[in-house]
Amino acid sequence: MKSKVIGAVSLAVAAAGLFAAAAPAFAQQKTITVWWGKGFYRSEDDALLDTIKKFEAKTGIKVELSQYAIQDMIPKTVAALDAGTVPDVAYSDSYDVQAQGKWAYEGKLEDLSDVMEPIKGRFVQNTLDASILYNDVTKKKAYYGFPLKQQSMHVEIWNDMLEKAGFKLADIPTEWAGYWTFWCDKVQPGIRKATGQRIYGVGQPMGVESTDAFQSFYTFMDAYHVKLVDDDGKLLVDDPKVRENLIAALKDYTDTYIKGCTPPSSTTWKDPDNNVAFHNKTIVMTHNFTISIAAKWFEDSQNQALTQEQRDAGKKAYEQDIVTASFPKAPDGSTIRYRSDVKTGLVFTAAKNKAEAKQFISFLLQEENVRPYIEGALGRWFPVTKESQASPFWQADKHRKAVYAQFTGGTAAFDFTKNWKFTILNNENVWAKAMNRVVSEKVPVDKAVDELIVRIKQVAG
């Protein structure tokens, strides 16, 4: 998919000497290449295209946009780095989790401090921190990326299914152990009795190819206050308390499967699969790293290509039947501090048009441009700027209000922002591998944790 400004200059006119003064400007006109992850919703892509058109009109710089599926962005970018043919600006939902820290460490990313420093006051601090990474070539930290949007963990519940099982929202316990027992021992048998169908109380992502699995497991680790690295990225896994709490977190995570309260296919789920199970109502609740589950039904309610009946069903699901909620209290009674995954765009040191690339980034990050792009995702992404976070959009319905409350309550960064080698561990998904050692290979939880710690030390030590 490409966006281009196409212009033509009449040779006859040029030969006649008319508009000769404009000729040098055309001769010097730049084109920048932009690679961008394909949006989840059409409204996201439309907002991006609109910003590109405005940028082209204002600057005279042409933008050649190529959009790719998220799973294609890393392989294409790695190939471009190897070939020395990188785009001028690149953005992918997967860069920060899988590659950005490594590329920064290796000196492959352009320092964007001259873009970010003048405008950093507009951004929430945690989003700036996620973009300040260490470069082992220059031996310093700098803005090796620009923050664009962020996401965090939420719980999605079918309230109508909960009621059919004989319970209401007020019945859901807020303490840790009782919460998981409720879904497994009460809701699951209740909904099965009411429907006669093999419905599961929980959708617990556990697939090695699922980022949901490692993001969800981090929330369980956070419930037990597991701290794998310090602020300088040094490993803390030799601390006996870390091991003890890792065992507790992994036991709780895998117990749901062992007790038969999540679908057997959970162990092979990819990222869309818990969404699909929820939409098909084969599970009553799931945890997900955006509110894309609820937003899907909102999009249905607005989709004029659907029948009125389908739009009405979408409206009812979004406004009445689906609840976006938080995790329960941690086992010690404290409130879990959620991880924020700040998504960032990049400029590579090998880019050919870095000055123009920085112009584009500065333009994109202006409030009137970045806000429509984020809000075009229907709540799936949360803003990185203070002004956008205060937008009425986030108070418009119960789902967005829930997202707003979680983010403004304070968030923590993922370990890969402090120790880039955790991107390797995330790519391997050592967390899901440990789960599967327990549930599929019947390895004791403590042994699976010891194996996990060994691998963390091998990679990130």
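Which residue does a disulfide join to Cys184? A disulfide joins Cys184 to Cys261, with an S to S distance of 1.6 Å. The model shown is predicted: local features need pLDDT of at least 70, side-chain atom pairs count only at pLDDT 80 or more, and totals for chains, interfaces and linings use all residues. Residues are numbered from 1 along each chain as its sequence is written, and side-chain values use heavy atoms, with hydrogens and water left out.

**View 1. The disulfide of Cys184 and Cys261.** The structure holds one disulfide (a pair of cysteine sulfur atoms within 2.5 Å). Cys184 lies in helix α10 (residues 176-195) and Cys261 in the loop between α12 (240-258) and α13 (273-279), so the bond ties together parts that are 77 residues apart in sequence. Helices here are DSSP runs (H or I, at least four residues), as are strands (E, at least two), numbered from the N terminus. The torsion about the S-S bond is about 55°, so the disulfide is right-handed. Cys184 counts as buried at 8% relative accessibility, and Cys261 counts as buried at 1%. Buried means under 20% relative accessible area, exposed over 50%, and partly exposed in between (1.4 Å probe, protein chains only).

View 2. A search of the whole structure finds 37 aromatic pairs. In one of them, Tyr179 and Trp183 are edge-to-face, 6.1 Å centre to centre with 75° between the planes. Rings of Phe, Tyr and Trp (its six-membered ring) pair if their centres lie within 6.5 Å; planes under 30 degrees apart count as stacked, over 60 as edge-to-face and the rest as tilted. Tyr179 is buried at 2% relative accessibility, and Trp183 is buried at 0%. One aromatic cluster includes Tyr179 and Trp183, along with Phe167, Trp176 and Phe327 among others.

**View 3. The aromatic pair of Tyr218 and Trp431.** This pair is edge-to-face, at 5.4 Å centre to centre and 70° between the planes. Tyr218 lies in helix α11 (residues 211-223) and Trp431 in helix α21 (residues 430-439), 213 residues apart, and the pair links these distant parts of the chain. Both Tyr218 and Trp431 are buried.

**View 4. Arginines over phenylalanine rings.** The charged end of Arg339 sits over the ring of Phe414, 6.0 Å from its centre. Arg400 lies over the face of Phe298, 5.2 Å from the ring centre. A charge sits over a ring if NZ of Lys or CZ of Arg is within 6 Å of the ring centre and within 35 degrees of the ring normal.
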